[in-house]
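Subject: Structure handover

Hi,

Here is the structure I promised to pass on. Could you load it and keep it open while you read my notes below?

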Amino acid sequence: MSGGGEMGELIRTINWPATPLGDPETWPTPLKLMTGMMLTSSFPTLICWGEDYIQLYNDSFRPINGATKHPQAMGGRACDTYAEIWDTIGPMFAGVMKGQTFGFPNFMVPLNRYGFTEECYFDFSYSPIIDEQGRIGGVLVICIETTEKVYALKIAEKAQQDLELSRAATAKERDRLKRFFMQAPAGICILDGPDFVFELINPSYQQIMPGRNLLDRPLFEALPELADQLHGILLNVYTTGQAFGANELLIPVAEFEGGPLHDRYFNFIYEPRLDESGKVDGIMVFVFEVTDMVVARHKTDRTEESLRIAVEAAELGSFSMNTATREFETSSRLRDFFGFAPDEQMSYEAALKQVHPDDRQTVADMVEASIVDGTRFDTEFRVIGKRDERLRWVRAVGTVQQDNNKAGSCFTGVVHEITEQKQDELRKNDFIGMVSHELKTPLTSLSALVQVLNAKLKNTGDPFVSGALQKVQTQLRKMAGMINGFLNVSRLESGKIHMEKREFDLRQLLAEIIKETELTVSSHQIRFDPGDAVLVNADRDRISSVISNLLSNAVKYSPKGSVIEVACQVINNAPRVCIKDHGIGIKQVDLEKLFERYYRIDNPNTRHISGFGIGLYLSAEIIQRHNGEIWAESEVGAGSTFYFTLP
Ligand code: ADP
């Protein structure tokens, strides 16, 4: 190839700007040839000629240079045009000038083409152009921009990444659901299709029937005993898509296939499962076994029912009062006791109003005491019927049911009528009183006669006669003691006993009684240190009978030859008498009831000892009427100590 020919023509048609390369006519032939090829190529092509890499490029290359580089680049130095990326491409150009070639796909360079820098990607190749002398005269650059492709690729990649992320998230979500499903305390299973095949079962569900083989089997094949009860319900959920729930449903289930059925109770929900088109394709089951709870409740119900029957049969009235609000609930029987109509309201105040005036304050105080410190409320009192004005005796027993939340605690109890019993008692008392009174007169004359007889016959010298009379006297004294006791009880109950108080020396009284006792009792040794006088204001005769009674009990219930210690001390200005024996002792349970009327401890040790259980009752009544206190301490086998105080 020579001077240029056609290529020379082509180059001449271009209106080249003035370049350091001078007039194209003068260009070296290889440059002219290359330029001609460049102009006919549709690939973006750039020629950089000489040491300064003077640039020539075709129309396809213009977009690569953009608005900021074209047209100045034409004929300009490459290092000026591509100053921002020269660090990257300069060394490659230098490499080409030494005979190397370069080419990369999707190569990124940050170009400024429109007044800002953007990341541009190119598939390119750099190769040497050989001049006439066979040396490398310049660099041929063929360069196809792939920026858009790369971005599209990046977007696709990002989409792919997002997809993967969301897949991972879904997997995680599924995992979470699965964990919930597996760990849920409720039994959960999924029944698939119209045959209700167990598709999934969580451990809690299996736990309900550990011995049954369920998975992948139709429900009613795996658990045939449920068919009668549940098939209709499930079918309904499946066909209508409406959920179903039941509470405490009794379902007899066998522990193993074909085994005996056991009654069990369940709370459960059947929830339809829908496919993508919204059609029911299965049922989710949530189930809780509540057998223990229901059985326990049934038991309480039964207990309550029998209690109710018992209350009714015993004709007991019942009440409960909220201790905070004083809201008072009563049974109709109780209202009847108080003379209210069966359907009439009765408040606590209204009830209290019907209590006999003599008993009202005591009852009210006892109720308050019970509410405040939880003591058991147990008392007998009189009620005057509101409408019928009938006098009834009732016994009421109640306790406070301690609630965690004290404001809500409840004072409950029962009341029963004891009018008849009371009347019987009164009649009996009257009778005892009358008989005792009638017996007293002949007994007194009998005593006097025996005394006279004794005096007269003392000197006859017949030892039998005087011995016998002595015994008669002793027995008469015992008898008089008993009759007096009964008389006192009956007087006491009918309120006819009066305390005649005067001042006397308690220690002196003790000494006197001990001396008297020693005259008749030689079996025991009584120890007493009188000391200074202790003055009290009390009924001397009654206090004396209390002391005699305690002393004679000490004798009665301790072995012959044992010591009885009597002491009188003043504690906090109040005299306290104590009588201590070393006898059989008293059990704790009996200690509490000892002072009740007719209470006797029944055991082999006491059976042969005579008595009616009224001595301590009378003593307690007497001490109480002096506003004193009486109590006993004891240890079985070691002895008992009885105390009383006077204010
Ligand atoms: P009683 O006439 O039966 O002795 P009390 O009322 O005096 O009646 O006493 C009631 C019961 O208390 C007696 O039956 C007896 O079992 C018991 N008791 C009284 N004092 C003593 C005592 N010092 N030691 C043991 N038991 C006693």
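Let me start with Ile144, which sits in strand S5 (residues 136-145); helices (H or I, at least four residues) and strands (E, at least two) are DSSP runs numbered from the N terminus. The model is a predicted one, where local features need pLDDT of at least 70 and side-chain atom pairs count only at pLDDT 80 or more, while totals for chains, interfaces and linings use all residues. Residues are numbered from 1 along each chain as its sequence is written, and side-chain values use heavy atoms, leaving out hydrogens and water.

Back to Ile144: it counts as partly exposed because its relative accessibility is 33% (buried is under 20%, exposed over 50%, partly exposed in between, with a 1.4 Å probe and protein chains only). Together with Phe43 and Ile142, Ile144 makes a nonpolar surface patch of about 240 Å². Patch residues have over 30% relative accessible area and no salt bridge, with like charges joined within 9 Å and nonpolar side chains (Val, Leu, Ile, Met, Phe, Trp, Tyr) within 5 Å. A salt bridge here is a side-chain nitrogen of Lys or Arg within 4 Å of a carboxyl oxygen of Asp or Glu, and areas are Shrake-Rupley ones with a 1.4 Å probe, where for residues only the protein chains shown count as cover.

Now for the five-stranded sheet. It is open, its pairing is mixed, and its strand order is S17-S19-S20-S22-S21 (two strands pair if DSSP finds at least two bridges between them). S17 (525-528) and S21 are the edge strands, each pairing on one side only. From one strand to the next, the twist averages 15° (axes are lines fitted to C-alpha atoms, for helices over the stretch in contact, and angles run from 0 to 180 degrees between N-to-C directions).

Going through the pairs:
- S17 and S19 run parallel and are joined by four bridges, with Ile526 partnered by Ile564 in S19.
- S19 and S20 are antiparallel over seven bridges, and Val570 faces Pro575 in S20. Their hairpin has two residues between the strands, and Asn572 in that hairpin has a positive phi near 50°.
- S21 and S22 also pair antiparallel, over seven bridges, with Glu635 opposite Gly639 in S22.

Which helices pack on this sheet? H17 does, touching S19 (563-571), S20 (574-580) and S22, and its direction makes about 175° with that of S22. H19 lies across S21 and S22, at about 140° to S21.

H19 (residues 615-625) deserves a look of its own: it is mostly covered, with eight of its 11 residues buried. Those are Leu616, Tyr617, Leu618, Ser619, Ala620, Glu621, Ile622 and Ile623. Their cover includes helices H15 (463-493) and H17 (540-556), plus strands S21 (629-635) and S22 (639-645). Just past the end of H19, Asn627 has a positive phi of about 60°.

Elsewhere, there is another hairpin, made of S8 and S9, with six residues between the strands, and Gly258 in its turn has a positive phi of about 85°. S8 (residues 244-254) and S9 (residues 261-274) run antiparallel and share nine bridges; Leu249 has Phe266 in S9 as its bridge partner.

What does Leu226 touch? Setting aside residues up to four places away in sequence, Leu226 touches Leu219, Phe220, His231, Ile251, Pro252 and Val253 (contact means heavy atoms within 4.5 Å). Leu226 is in the loop between H8 (219-222) and H9 (227-240), and counts as buried because its relative accessibility is 7%. Leu226 and Ile251 are 25 residues apart along the chain, with 7.5 Å between their C-alpha atoms.

Gln354, between H12 (348-353) and H13 (357-373), counts as buried because its relative accessibility is 14%. Beyond its neighbours within four places in sequence, Gln354 contacts Phe338, Phe340, Arg382, Val383, Ile384, Gly385 and Lys386. Gly374, in the loop from H13 to S13 (377-384), is partly exposed because its relative accessibility is 37%. Between the C-alpha atoms of Gly374 and Thr81, 293 residues apart in sequence, the distance is 103 Å.

Cheers
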